[in-house]
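Please examine the sequence and the structure shown below. The report that follows considers selected features in turn.

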Amino acid sequence: MNTDRKSIIELSLKHRQVPITLCVFLCLAGLYSLFTMPRQEFPEMKLRQGLVIAVLPGATSRQVDEQVAKPLQNYLFGFKEVDRSKTYSQSREGQTTIFVEVNTDVKDQDAFWAKLRLGLQEIKSQLPPQVLVVLGTNDFGDASAVLLTITSKTRSYRELEYYLEKLEDRLRTNPAVSKLKHFGLQKEKITVYVDPARLSHYGVKPAMLIAGLQMEGMLGYGGSVKGADLEIPIHLPPRFNSEADVAQQIVYAGPDGAIVRVKDVARVVREYDVEDSFVEANGGRALVLSMEARFGYNIVQFGHDMDAVIAEFRKTMPPDIEISKAADMPSVVQNSINRFFFDFAIAIIAVILVTVLLLPKKIAVVAAITIPICILQTIALMQVFGIELNTVSLVALVVVLGMIVDNAIVVIDNHVEKLDHGVDVWESSWTSARELAIPVFTATLAIMASFGTFGIFMKGSTGDFVGPMTYTVFIALGISFIVAMLLVPILSFVFIKTGLHNKAAIKKGPSMLDRLQSTYDELLTRTMKDRRKAVNFGLWMIALGIALFAVLPQQLFPKMERNQFAVEVYFKQGTGLEKNAAVTRELAGILKADTRVKDAIAFIGTSSPRFHTMYAPQMPAKNYSQILVVTQTQKDMEAMVREYDAKYRDAFPDAHVRWKQLDFLPKDAPVEIRVTGDSIEEIKTAAAAIKKVMADEKDIIWLRDDYHDELLSADLELDGEAANRIGLTRGMLGASVAMNRGGLPVSTVWEGDYPRAVVLKYDREKSSAPEKLEDQYVAALLSPQPVLLRQVAKLKPGFSEGQVVRRNGRLTLTILADIAFDRLANRVFSRAQKKINALALPPSVRIEYGGEYEKMIEDFTPLGKALLTSMFLIFIILLFQFQKVRLALLIMATMPLSITGAALGLHLMRYPFGLTSFLGIIGLFAMVVRNGIILISYAHELEAKGMSVNDAALAAGKRRLRPIFLTASAAAVGVIPLILSGSSLWGPLGTVICFGLIGSTVLTLLVLPAAYALYGEKEEAAK
């Protein structure tokens, strides 16, 4: 028995019960894992953004920016964890929101945010004293797994909330539930509408009214009664139990015994005073319940469990209350995974059919049986290492499918070749694997090196996205190598007793492979007669491939394939909630009347919760609404978005309707031009010039900027002398006006655990119109009677910035452009960039580009580094094996030989070049290197045995046709289901690999032998 280290292959054959037992155990574990491992649609993509919010009441956007946003940003930039280039602030009336981006190398984001929150309390003392709140948060949670709407056209918000809480109690018992959040809640209020005329008649100041309600509304402390052995606490009764108690509250008692109650100067009502935002679904009041699933749980099973709870709960609900799903991630995941399982099964069947059609039955069976063995064992180890079953890991299995069978085919081919040369079955079974162990290991290592660079260079959300692909490929290739070395020899020994050219095969006549071999031998012989021409042909094909890639359109990510889309409605700055609601309701009614729509949930004055990682919610605003639309099918979604965009984009005055198909781009718009300067006026002037040239671009359907329209304001000019005479301060003036407009909370009435705020405000009918502002009353310390606002201040119209933005600490205005459907942002951006570069802008103005262009730079740059690094690693691996630079470079020549087929495939299938195409290129380069290793290693072996370079190249080409053709065919066929699926995300990856392998195989088999012989002869001549 051979005793060198490689004899482990022979030992496994001799003691085959051991590897067979281990194989069966791992396969059973994989089968179990297939049904129990966690499932998601996509890998978990961590949010690296948080918010710092500061409130400065009464300040304009510019004042908030200069006094709060700027110093806060300077403070934040002192933290090394903060990515300054992506951190920006949005300052509006009375508030700034800073979007803080954390660097991708920060491992513990929670620790950073805990440190930052402590620091914000210190920096608050350095801000204007009027700043009420400075807080930081990164607690956004995960994207909602399920969004439930509870809707009724007859029930009150309080009743809906009651049933929502009951449902929540039942759902919370499931350990897979992470967080439950409510949206659209409207608390019932007790509103005290004060009549200014009555206040004046009774001589009651607003301060007296406020004090009376606040004092009586307090619960108070009654102390305790102490006895000899017992101490009993005293509980005071709550003063207010209802709105009637509030109305009876005494606010003034005169010396003559006359009393004034709240009801004498105001009317008290219980109501839902919706002023900021609310939710409606299918024409009725709605509350939304967001459910998040814990990481590591099977979200499909989570969905089934939730459905069971909801179905049971429906039986206890009144018939006029409806529960529906606005977002259903478990169903999306199940449909997506099922579709990929179908494609995966088709891929396995296709690869098996290729082996059966091209090889004799027994040989094909041995090769085919390794596929499910490797897949099941890979799935078992995926669960061990915590890799979820999602579309990315499944695509990795589809891609690696051809590679899995490649190792087995190469070993089996060597085995039958030995049998044809008279080697006995035992020796042939294990020596066929041992002889190829180094070349197969080298090829496997080269592929691992290519995919391994993803994890090194890809960071952020894209790194999270492609991460499972790297690990899945590593595990599958490792399993494939072990199976080829230890299990395939056993299967070959048991099932394959004769070679391809035995007597029975000769009687049947030449097979398909024999005919292919004969044709190739003749073609290769002709090619080798003019080797230089063959090499030049290869160079021309490489140049053609580069040219084809240069003219390919580019799109980083395609649109998402969902039966769901969002309608975003934007109004002019200052638009009230009532007008917003009227338009949004009309639009929601139009959508609901379409039979293709299942549900239409309107979020008026706000946006929906985050139901997809890449679709961030908008900040609440009265001039913004969102309608979340669920369609019957994905095709309905695509058709409706295009149809309704053309019809209703600008159909409503003072509103723009944005029809948003979900995508993977975490940007506000596909085209973004950032204008940075030293002053707002400067950047606005430059932005106006840029927008003017961009307005001529026909493919732009909505052009705007993030400073918005100027906001009309009512500016009060205080008469200092008159104010001082009656003791009126700016603070008192502000409090009076605020009570006139929005109301002042003064107490709380509790009904069990349900609070009702008591809000004091002037009667809406007498104070809400802008023209009546000067006729409102204000309270003053030295005046016995309320004073009209017109007596102490003048009202004049003013304008302020709708929003001021700082990015990386500098004033930055971003121009945003939406692109027409079926148009590529990259082409529009390229045309716009040429026009912008031709503008004569001030030297202090700086132009930067965001949107898809910025994301492409962020992702393609590390991908380019990954590609170059993988090529370098492959070169080092080849150099270690062959110890000759010439041989390593010749094998690597198979890489550029594959780009022509890949580029031609993308053109034929009409796919743009994007992220998955790039991933396909890296994988393709690793795959085609295997073919070069198989061919060159054999030619080098023959040359070492004394053959001439030319004869060795010719013989190697003829001998290695069969394994190269078989492995390339299996790998190419394996990804065809990705192409046929029509997926705009994964179709490009399958196209690059399939067409690239086909083109590379043809060129490798013809050009590589000629190059080996040509440059080998030159090397010999040089010696």
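## A covered helix

Helix α27, which spans residues 885-892, is mostly covered, since 6 of its 8 residues are buried. The buried residues of α27 are Arg886, Leu887, Ala888, Leu890, Ile891 and Met892. The model discussed here is a predicted one.

## The nonpolar cores

The largest nonpolar core contains 239 residues. Those with the most contacts inside this core are Phe302, Val399, Phe465, Met469, Val567, Trp659 and Trp986. Helix α13 (residues 391-420) supplies the largest share of the core, namely 19 residues. A second, separate core has 30 residues, including Ile680, Met694, Tyr707 and Leu813.

When residues up to four places away in sequence are not counted, Val567 touches Leu587, Leu591, Ser625, Gln626, Ile627, Val629, Val657, Arg658 and Trp659.

Leu72 belongs to helix α3, which covers residues 61-76. The relative accessible area of Leu72 is 0%, and Leu72 is therefore classed as buried, the cut-off being under 20%. Leaving aside residues up to four places away in sequence, Leu72 is in contact with Val52, Ala54, Ile98, Leu120, Ile123, Leu127 and Val134.

Leu72 and Ile936 stand 864 residues apart along the chain. Their C-alpha atoms are separated by 63 Å.

Ile20, Val24, Leu28, Leu31 and Phe35 make a nonpolar surface patch of about 490 Å². Ile20 lies in helix α2, which comprises residues 17-36. An α-helix has 3.6 residues a turn, so residues three or four places apart point the same way.

Is Ile20 buried, partly exposed or exposed? Ile20 is partly exposed, because its relative accessible area is 36%, a value between the limits of 20% and 50%.

Strand β2 (residues 88-92) pairs with β28 in the antiparallel sense over 4 bridges, and the bridge partner of Gln90 in β28 is Val805. β28 also pairs with strand β29 (residues 810-819), in the antiparallel sense and over 2 bridges. Here the bridge partner of Arg806 in β29 is Leu811. Together β28 and β29 form a hairpin with 2 residues between them. Asn808, in the turn, has a positive phi of about 55°.

Key
Residues are numbered from 1 along each chain as its sequence is written. This is a predicted model: local features need pLDDT of at least 70, side-chain atom pairs count only at pLDDT 80 or more; totals for chains, interfaces and linings use all residues. Side-chain values use heavy atoms; hydrogens and water are left out. A nonpolar core is a set of buried Ala, Val, Leu, Ile, Met, Phe, Trp, Tyr and Cys residues joined through side-chain atoms within 4.5 Å. Buried means under 20% relative accessible area, exposed over 50%, partly exposed in between (1.4 Å probe, protein chains only). Contact means heavy atoms within 4.5 Å. Patches are made of residues with over 30% relative accessible area and no salt bridge: like charges are joined within 9 Å, nonpolar side chains (Val, Leu, Ile, Met, Phe, Trp, Tyr) within 5 Å. Accessible areas come from the Shrake-Rupley method with a 1.4 Å probe; for residues, only the protein chains shown count as cover. A salt bridge is a side-chain nitrogen of Lys or Arg within 4 Å of a carboxyl oxygen of Asp or Glu. Two strands pair if DSSP finds at least two bridges between them.
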